[in-house]
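I opened my notebook to look through one chain from end to end. Come along and check each entry against the picture.

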Amino acid sequence: MAWTETYSCDVCGKPKSEEAADWWLVWNDWLSPKQGDPDQPLLKVTRWNAFLSHDANVKHLCGARCAQTLMDRWMHASNEDLLE
Ligand SMILES: [Zn+2]
């Protein structure tokens, strides 16, 4: 039996329909400038991919507008906020 997953946008809560295009996947990640320096937050964004959408840490976004909202929040968040 096929297992269908339903997704909703992590910013606005809109559910993803089967034919919905222009969805995006976003990860919070960290980058080490060099040894001993504090890690820098890194935001990774890619187009929707069915396989990657199953990732436990990925955020699902319903379009460029919600991607921008998330990026705006990310830019204003402290490193402590992003660790959550
Ligand atoms: Zn949205």
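Here are my entries, from the whole chain down to single residues.

**Entry 1: the whole chain**

I began by noting that this is a predicted model. I looked up the elements next and found two helices and three strands in the chain. Following the sequence, I read the pattern as β-β-β-α-α. I then checked the extent: the C-alpha atoms fill a box of roughly 50 × 30 × 20 Å along the principal axes. I also looked at burial, and 11% of the 84 residues count as buried. For contacts between residues at least 6 apart in sequence, I found that 56% join residues at least 24 apart.

**Entry 2: the sheet**

In what order do the strands lie in the sheet? I traced an open sheet of three strands, ordered S2-S1-S3, with antiparallel pairing. S2 and S3 stand at the edges with a single partner strand each, so one side of each has no neighbour in the sheet. I noted the twist too, which averages 30 degrees from one strand to the next.

I took the pairs one at a time. S1 and S2 run antiparallel and are joined by eight bridges. Within that pair, I saw that Trp 24 has Arg 47 in S2 as its bridge partner. Further along, Asp 29 stands opposite Leu 42 in S2.

S1 and S3 also run antiparallel, and three bridges join them. Here I found Leu 25 opposite His 60 in S3, and Val 26 opposite Lys 59 in S3.

How many of the eight residues of S2 are buried? I counted zero, and S2 is hardly covered.

**Entry 3: helix H1**

I moved on to H1, which covers residues 64–76. H1 has 13 residues and reaches 18 Å from its first C-alpha to its last, close to the 18 Å expected at 1.5 Å a residue.

Which residues of H1 are buried? I found Cys 66, Ala 67 and Leu 70. They sit on the same side of H1, because they cover an arc of only 105 degrees around the axis.

I asked myself what covers the buried residues of H1. The cover includes S1 (24–31), along with S2 (40–47) and S3 (59–61). H1 packs on the sheet and touches S1, S2 and S3, and its direction makes about 135 degrees with that of S3.

**Entry 4: the nonpolar core**

I searched for the largest nonpolar core and found nine residues: Cys 9, Trp 23, Trp 24, Val 26, Leu 61, Cys 62, Cys 66, Ala 67 and Leu 70. S1 and H1 are the elements that give two or more residues to this core. The largest share comes from H1, with three residues. In general, nonpolar side chains tend to be buried together in soluble globular proteins.

Leaving out residues up to four places away in sequence, Leu 61 touches Cys 9, Asp 10, Val 11, Trp 23, Trp 24, Val 26, Cys 66, Ala 67 and Leu 70. Among these contacts, Cys 66, Ala 67 and Leu 70 are the buried residues I had already listed for H1.

**Entry 5: two single residues**

Is Ser 17 buried or exposed? Ser 17 counts as exposed, because it has 11 C-beta neighbours inside 10 Å and the cut-off for exposed is 12 or fewer. I located Ser 17 in the segment before S1.

Thr 69 lies in H1. I found 16 other C-beta atoms within 10 Å of Thr 69, so this residue is partly exposed; a buried residue would need 20 or more. Then I looked up the distance to Cys 12: Thr 69 and Cys 12 are 57 residues apart in sequence, yet 9.5 Å apart in space, C-alpha to C-alpha.

Key:
Residues are numbered from 1 along each chain as its sequence is written. This is a predicted model: local features need pLDDT of at least 70, side-chain atom pairs count only at pLDDT 80 or more; totals for chains, interfaces and linings use all residues. Helices (H or I, at least four residues) and strands (E, at least two) are DSSP runs, numbered from the N terminus. A nonpolar core is a set of buried Ala, Val, Leu, Ile, Met, Phe, Trp, Tyr and Cys residues joined through C-beta atoms within 7 Å. Two residues are in contact if their C-beta atoms, placed from the backbone, lie within 7 Å. The expected span of a helix is 1.5 Å times one less than its number of residues. The arc is that of the directions from the helix axis to the C-beta atoms. Two strands pair if DSSP finds at least two bridges between them. Axes are lines fitted to C-alpha atoms, for helices over the stretch in contact, and angles run from 0 to 180 degrees between N-to-C directions.
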